[in-house]
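The following note sets out numbered remarks for a colleague who has the model at hand. Please read each point against the coordinates.

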Number of protein chains: 2
Amino acid sequence: MSDNQERVVVTEVGMRDGLQSIARTMPTEFKRRWIDAAYAAGVRHMEVASFVPPKLLPQMADAGEVIAHALTYDDLIVTALVPNLKGAQRALESGVHRIVAPISVSTAHSLANVRKTPAEMIDAFAAMRELIDTASNAGAQRVALIAGLSTVFGCTLQGAVPHADIAAIARAALDAGADVIALGDTTGEATPRQVGEIIELVRGVAGNKLRSLHFHDTRGLGLANTLIALQHGIREFDASLAGLGGCPHAPGATGNVNTEDLVFMLDSMGYDTGIDLVRLIASRAVLADALPGEPLYGYLACAGLPKQFTATAQLSASQVLQ
Amino acid sequence: MSDNQERVVVTEVGMRDGLQSIARTMPTEFKRRWIDAAYAAGVRHMEVASFVPPKLLPQMADAGEVIAHALTYDDLIVTALVPNLKGAQRALESGVHRIVAPISVSTAHSLANVRKTPAEMIDAFAAMRELIDTASNAGAQRVALIAGLSTVFGCTLQGAVPHADIAAIARAALDAGADVIALGDTTGEATPRQVGEIIELVRGVAGNKLRSLHFHDTRGLGLANTLIALQHGIREFDASLAGLGGCPHAPGATGNVNTEDLVFMLDSMGYDTGIDLVRLIASRAVLADALPGEPLYGYLACAGLPKQFTATAQLSASQVLQ
């Protein structure tokens, strides 16, 4: 099956992006169980919360507690999304390993979303960098700061975003101290050829600091886009268990790429994700318990593993999880 | 948008593969309307029926009438699926342009499906070739005979199919007079790296007679697999409007790749399909009218065209359909 056991990192972002896209609030206890189940399946990167005003997003009011639980796993890399300096302060106090700050490359989207121009977001980003460095100089662990460039592949408000704008904002984020550049298809408009072009554009600016891709599956191209990104050297991808938060069969669908389907594709191609598909699929039960009636998506969970695949998957389960 | 206006043929197979996968029978009048709507959207290749015993598949009892309607369009290439010599005789009488004969590369699947070994199916295929040639020598139009190799990417009964078996059956089909080799992921088990490997394997045997791919979207990889096939030079793909006949969220999902989503991906990559997406999406109304309550799938139809895409699509509509 495998002639390429290159590692690919899959970051489970359902606890953040998935949950913030549904109207209901998942009780903290279930978030803990979700983290436990994902960890048991072999997931070692999770974006578990965002530090935003609880009035705006009550789903994330327990961010500190959730992160504290995630940090009980020694080898779990824990990420939080942070839109501003106040959030960064709370994130630092939480002990999180990585902070993702969203920076929209579309002025229209940026103003609508955070009431700041991209340039003003870069200023806020530089302030976060300073905050992190000050804490680090005072002896705290050095938190990684990720510039999550959003609406990179198109914006529902302004349409296509000029390549020059994307390159300029990537450069500004690096100048402001980004450790990593991530690209987000916030609005689910990315298409395969474009994905390759924009990866090369941003790599020209960011080199190997361009690290990860965040696709939504709004138009069914999430995995095709992932495939192109793999071909262009990307080895880190975000995804949500059960495609939580999206609805592929309803208008305005915005769900992330489905974690199970993504891991299946990667496994089938011989990439090593460290994730056991059988346990990953089983972990959907936590969502079903926590959010009764909430639609859960995913092809693999419904169709099951192909016969020719099962032996390999079980072998990998025993290797990864002893 | 487009730096590559290479042509890609999308064959609408919903009238055959889609309809034969659902329990209900679509009245002939709606099949005619579907053909009209697909034609109006720019579709110029359709597999509209199969010649199988009406007792087994009452959905296809009106094959002759449906084909007669399709043939009223001068520039529409009309295909029928034919499993045996009797079906081939009926197909010839219908005036169809192309006959696809399914030949399973899995012995277990072949026996279960047509009660013949692959070798016996090759004999039947050779007999169809003789029938066609005899008719052609007597002055009839020369019907193209396509060997549709099925379960190429895996079989639910026997698991993986050895490469040697696939190559041997492709060779036998060519020796028996196949004009074209098509590969079918009958059971929805194809994965991207494997797709590339098997295309190269069969091309080694069939050269440019390897022409078209038929993917199912059982595990969400239909478009990713298509992308790999494009990279390996394939320019013909089967698909079903609204993914008819499949159910991505139910066990045993078997639907074809969704035509709208496939055309969207191809358009976005600059390929010329000749198909107008706005009209194609509108044509789903025929299915909704004909099969009330039947689930219709597809990401694009729900999410709509991205803002940056609309102008291009409308331009192409006016070019294609005057």
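**Remarks on the model**

1. Setting aside neighbours within four places in sequence, B:E6 is in contact with B:R235, B:G270, B:Y271 and B:D272, where contact means heavy atoms within 4.5 Å. B:E6 belongs to the segment before β1 (9-12) of chain B; helices (H or I, at least four residues) and strands (E, at least two) are DSSP runs, numbered from the N terminus. Between the C-alpha atoms of B:E6 and B:G270 there are 7.7 Å in space, against 264 residues in sequence. With a relative accessibility of 34%, B:E6 counts as partly exposed; buried means under 20% relative accessible area, exposed over 50%, and partly exposed in between (1.4 Å probe, protein chains only).

2. On conventions: this is a predicted model, in which local features need pLDDT of at least 70 and side-chain atom pairs count only at pLDDT 80 or more, while totals for chains, interfaces and linings use all residues. Residues are numbered from 1 along each chain as its sequence is written, chains are lettered from A and ligands numbered from 1 in the order in which they are written, and side-chain values use heavy atoms, with hydrogens and water left out.

3. Chain A contains 14 helices and eight strands. The C-alpha trace of chain A spans about 50 × 40 × 40 Å along its principal axes.

4. In chain A, 61% of the 322 residues count as buried. Of the contacts in chain A with a separation of 6 or more, 73% are between residues 24 or more positions apart.

5. The largest nonpolar core has 198 residues, and A:I181 and B:I181 touch the most other members. Such a core is a set of buried Ala, Val, Leu, Ile, Met, Phe, Trp, Tyr and Cys residues joined through side-chain atoms within 4.5 Å. Not counting residues up to four places away in sequence, A:I181 touches, among others, A:A147, A:L149, A:V202 and A:L210. In soluble globular proteins, nonpolar side chains tend to be buried together.

6. A:V48 is located in strand β2 (residues 45-50) of chain A and is buried, at a relative accessible area of 1%. Beyond its neighbours within four places in sequence, the contacts of A:V48 include A:M15, A:I35, A:V66 and A:V78.

7. Helix α9 (residues 222-231) of chain B has nine of its 10 residues buried, so this helix is largely enclosed by the rest of the structure. Among the buried residues of α9(B) are B:L223, B:N225 and B:I228. Just after α9(B), B:G233 adopts a positive phi of about 90°.

8. Two backbone angles in chain A may be inspected together. A:R115, although not a glycine, has a positive phi of about 55°; A:R115 lies in the loop between α5 (107-114) and α6 (118-137) and, at 76% relative accessibility, counts as exposed. A:A242, also a residue other than glycine, has a positive phi near 60°; A:A242 is in the loop between β8 (236-239) and α10 (259-268) and counts as buried, at 0% relative accessibility.
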